[in-house]
Amino acid sequence: MRTWLRAGLVIAFLGLAGCSKGADELYYDVTPDDAFARLLKADITGFRDARQCGMLIYFEPKEYDATRTIAWEVTSGDRTVARFGFDVIPKGNGSVIEMQIPKAPDGKEIYDGTQKYSHPAFLQPLRPALRELVDAAMEQRPYDWHRLPDMGVDYTICASMRQNFIASGQPYSIDDPSGMTHEQAEAARSQYGTLPVERDDVFAPVGL
Amino acid sequence: MKNRLPQWARSLAALALLTMLAACDDTKHYPTSTDAAREKLVGTTIPDIAFGAAAHSAPGEATAEGVQWAVEVGPGDGSVGDSVHDIGDEVMILKARLVAAGDGIDLTVDLAPPPHVDPEKFKALFDQHPGMDGMFRNIVQEQADSVLTNRPFSYANISASMALAVLSELPNIRQQFDEDGKIYEQHERDTIDHAYDAAR
């Protein structure tokens with residue numbers, strides 16, 4: 001291989017390596033106060049509609065003005081099924097939005113694309129879907145799932161339960177056995193009484 | 001390794017097809033009389049390969065100007081037509097006009113609406129889909145030429161205009177996909193929102 005070609009390849013690889021860290025950083029040319037105000041108005045309903053599975057989920061926001069932090073507790077029934085948040089960090093003339101996603105029991109992030117849930121709340125992976133939530137908020141526009149990177153076809157239980165929900169209009173419940181539609185669970189309950197229902201350990205134990 | 005054509009090459013190929021078709025003269029000359037040509041063309045049918053399974057040609061009928069073929073939707077076995085679109089069985093007339101010229105005839109082709117279709121709407125439809133217009137003209141031209149030169153109808157002679165028709169329809173197909181996608185997404189949002197409202 002010619003020397004100049006080798007040199008070109010080395011420079012290209014170095015360039016790519018230099019890009020990779022910055023590509024993950026959510027920097028916006030918006031003042032921290034503005035960035036925080038925009039996050040407070042993030043299109044959480046659009047995000048929910050685009051990424052939820054077949055059961056109803058509710059978002060309870062918690063805002064911390066002093067640290068410019070907003071976090072959402074996601075519940076279904078009386079259970080917490082997910083949690084995430086954003087910190088606004090001043091940087092230069094703009095802001096970096098730092099994503100806070102809790103750890104799963106295996107030490108990875110919850111909903112990182114490898115987690116298995118009997119009653120999932122979201123299509124996985126969560127992180128790129130949250131990035132669009134931030135992008136949309138900073139650009140002051142509705143959530144747009146078309147802007148998500150190609151994550152392949154989702155064959156998980158989340159996708160199939162979501163399809164059932166859209167087709168029937170009937171969500172399933174976190175108290176229905178995994179894989180059953182709400183109608184099927186109701187029919188089984190009326191025949192057999194209480195049904196065994198799987199529970200997910202979504203979060204890593206506190207302290208890990 | 002599979003050799004895939006880059007975008008510029010595909011565009012060039014499409015342009016070449018266009019140029020080839022543009023070079024085709026709409027008028028063809030045959031060393032015969034109008035009566036003899038009409039006699040040969042009447043009663044012939046355009047092979048189904050030209051229309052696919054969705055439509056077929058009725059036998060050629062004599063007209064004052066030459067010969068015409070009615071294109072009918074549905075299979076060629078006399079079964080059901082297209083009642084869904086309320087357009088009857090006959091959707092188009094393909095015409096071959098025969099005009100005495102010198103020692104023979106000049107043959108030109110045209111598309112016309114059947115009696116129950118509004119000519120303005122028919123014209124507007126093909127104005128919006130010029131690739132389809134060119135394809136049907138090419139089909140009737142090939143039918144007439146193959147009969148008048150005593151050879152079988154050749155798919156190869158219409159394949160370029162068919163490919164061009166498909167290429168020119170790609171934006172419409174894409175647009176249709178996009179519109180269907182938007183309708184489905186709205187349905188998704190409405191269903192989800194309704195479920196949350198009902199749960200309140």
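**A close look at the core and a helix pair**

Guide: Let's start with chain A, whose secondary structure comes to six helices and five strands. Bear in mind that this is a predicted model. Reading along the sequence, you get the pattern α-β-α-α-β-β-β-β-α-α-α for chain A. Of its 208 residues, 28% count as buried. As for contacts in chain A with a separation of 6 or more, 53% of them are between residues 24 or more positions apart.

In general, nonpolar side chains tend to be buried together in soluble globular proteins. The largest nonpolar core here has 40 residues, and the ones touching the most other members are A:A35, A:L39, A:A82 and A:F122. Several elements of chain A each put in at least two residues: helix 2 (32-40), helix 3 (44-51), strand 3 (69-76), strand 4 (79-91), helix 4 (126-138) and helix 5 (157-168). Helix 4 of chain A gives the most to this core, six residues. If you zoom in on A:A82 and skip its neighbours within four places in sequence, you'll find it in contact with A:V74, A:I110, A:Y111, A:A121, A:F122 and A:V202. There's also a second, separate core of 25 residues, with B:L41, B:A96, B:L98 and B:V109 among its members.

That takes us over to chain B, which has five helices and six strands. From the N terminus on, its elements run α-β-α-β-β-β-β-β-α-α-α. Chain B has 200 residues, and 20% of them are buried.

The helix pair to look at is helix 4 (residues 130-148) and helix 5 (residues 156-199) of chain B, whose axes come within 8 Å and cross at roughly 165°. Angles over 145 degrees count as roughly antiparallel, and these two helices of chain B are therefore roughly antiparallel to each other. The crossing of helix 4 of chain B past helix 5 of chain B is left-handed. On the helix 4 side of chain B, the residues making the contact include B:M132, B:M135 and B:I139, while B:I158, B:M162 and B:L164 are among those from helix 5 of chain B. Sorted by class, this contact has nine nonpolar, six polar and two charged residues.

Finally, where the chains meet, chain B puts in eight residues and chain A five. The chain B side of that contact has four nonpolar, two polar and two charged residues.

Technical notes
Residues numbered from 1 in each chain as written. Chains lettered and ligands numbered in written order. Predicted model: local features only at pLDDT ≥ 70, side-chain atom pairs only at ≥ 80, totals over all residues. Helix = DSSP H or I, 4+ residues; strand = E, 2+ residues; numbered from the N terminus. Buried ≥ 20, exposed ≤ 12 C-beta atoms within 10 Å, placed from the backbone. Contact = placed C-beta atoms within 7 Å. Nonpolar A, V, L, I, M, F, W, Y, C, P; charged D, E, K, R; others polar. Axes fitted to C-alpha atoms, helices over the stretch in contact; angles between N-to-C directions. Parallel < 35°, antiparallel > 145°, perpendicular 65-115°, else oblique. Left-handed = near helix turned anticlockwise from the far one by under 90°. Core = buried A, V, L, I, M, F, W, Y, C linked by C-beta atoms within 7 Å.
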